[in-house]
Amino acid sequence: MKEKIESLRAEIRDLIAQTQTGKGLYEVKVKFQTALKGIMSGMKDLPKEEKPTFGKIVNEFKQAMEAQFEERAVVVKKMELEAQYEKERIDITMPGKAYKAGALHPITLVKNELIDIFAGMGFKVFEGPEIETDYYNFTALNTPKDHPARDMQDTFYLADNLLLRTQTSAGQIRVMEQDAPPIKILSPGRVFRSDDDATHSPMFHQMEGLVVDKGITLCDLQGMLAEFARKMFTSSTKVRLRPSYFPFTEPSVEVDLSCSECGGKGCRLCKGTGWIEVLGAGMVNRRVLENCNVDPDVYTGFAFGMGIERIAMLKYGINNIKTLFENDTRFLEQFED
Ligand code: PHE
């Protein structure tokens with residue numbers, strides 16, 4: 001019996017020393033318990049007087065082995081944790097994966113910059129619908145049916161009376177119908193014309209401005225545009241007004257800025273003139289005020305409308321409007337700030 005215990009002790013001790021995992025240790029323990037049970041059941045065949053001594057030996061053996069199991073369990077647990085840490089180890093010096101986030105489109109950048117500049121002068125933003133009625137896009141803007149000025153803007157008609165707005169000027173009427181003067185709004189948005197070449201796109205963006213109050217004059221328009229030109233381009237950019245015609249403004253002007261590329265000396269961009277046309281503007285025609293129930297003998301106003309693509313092309317030196325709509329990321333990436 002004693003030899004049996006000693007050989008089991010040696011065997012289990014070796015097995016314990018070899019185990020590397022909690023699972024392995026558990027298996028050894030099961031084996032030990034089964035063997036111990038065998039030894040204990042053999043006790044019943046021993047002479048009565050030997051039983052207590054032997055029972056003591058078995059007990060000691062059991063306790064000694066359990067202590068060894070516990071000791072090894074601590075070691076094995078540590079080994080397992082270390083192995084896990086090793087497996088999950090990450091090299092924090094490795095370069096990370098760069099995820100490319102999107103960036104704002106140059107049209108949006110310019111639109112936001114325009115809004116910033118005019119908001120600084122007290123303008124609020126109003127956005128009108130892209131599908132308009134004939135009334136808002138033309139008739140209320142003093143451009144009745146058969147008016148020759150309708151030919152200036154080749155229109156996409158959706159139905160008899162519905163069209164894709166050709167100008168954000170339609171918003172002027174909506175604002176004046178909705179609010180009484182003083183009015184100071186900025187209206188950005190998409191407009192549509194059947195026009196397509198290197199500098200024209202069937203869809204483009206405009207930024208409309210409208211100011212209506214007592215005592216507004218053309219000088220106010222000029223001063224405000226001068227401030228806009230300095231902020232949008234350079235501090236030395238100058239503004240020039242040329243007589244023009246729009247049915248909804250009287251007088252009407254075409255607004256040129258001194259060429260920021262050559263400083264006004266004349267270059268390819270300004271076609272040697274030193275000036276670049278950027279927007280249409282004028283004093284709100286009294287007929288338009290009347291159409292919106294604003295008394296033209298009390299109130300006057302000015303309006304202006306500029307092409308956002310045109311401003312972007314000038315600002316960034318883009319020579320083909322189509323590049324703004326192709327969404328080639330090699331082009332767009334240049335504008336990330
Ligand atoms: N709506 C005109 C256009 O599209 C621009 C404009 C706006 C002119 C406001 C005068 C006043 O060409």
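Proline 182 sits in the loop between H6 and S4. Helices (H or I, at least four residues) and strands (E, at least two) are DSSP runs, numbered from the N terminus. A cis peptide bond joins this proline 182 to proline 181, with omega about 5 degrees.

Before going on, a note on what we are looking at. This is a predicted model, in which local features need pLDDT of at least 70 and side-chain atom pairs count only at pLDDT 80 or more, while totals for chains, interfaces and linings use all residues. Residues are numbered from 1 along each chain as its sequence is written, and side-chain values use heavy atoms, with hydrogens and water left out.

Now the overall layout. The protein is divided into domain 1 (2–87) and domain 2 (106–335); these bounds come from an automatic or database domain assignment. The centres of domain 1 and domain 2, taken over C-alpha atoms, are 92 Å apart. Along its principal axes, the C-alpha trace spans about 130 × 45 × 35 Å. The radius of gyration is 43 Å, whereas a compact globule of 337 residues would have one near 20 Å. That radius is taken over C-alpha atoms, and the globule rule is 2.2 Å times the number of residues to the power 0.38.

The secondary structure comes to ten helices and nine strands. Of the 337 residues, 42% count as buried. Buried means under 20% relative accessible area, exposed over 50%, and partly exposed in between (1.4 Å probe, protein chains only).

Back to H6, residues 170–178. Which residues of helix H6 are buried? They are Ala170, Gly171, Gln172, Ile173, Val175 and Met176. Their cover includes strand S2 (131–133), helix H5 (134–137), strand S4 (183–192), strand S5 (203–213), helix H8 (286–291) and strand S9 (300–307).

There is another cis bond to mention. The peptide bond from glutamate 250 to proline 251 is cis, with omega near -5 degrees. Proline 251 lies in strand S7 (residues 249–258).

Finally, two asparagines. Asparagine 142 is not a glycine, yet has a positive phi of about 60 degrees. Asparagine 142 is found in the loop between H5 and strand S3 (162–164), and counts as buried at 14% relative accessibility. Asparagine 327, also not a glycine, has a positive phi of about 55 degrees. The loop holding asparagine 327 runs between helix H9 (308–316) and helix H10 (329–332). Is asparagine 327 buried or partly exposed? At 47% relative accessibility, asparagine 327 counts as partly exposed.

Methods:
Contact = heavy atoms within 4.5 Å.
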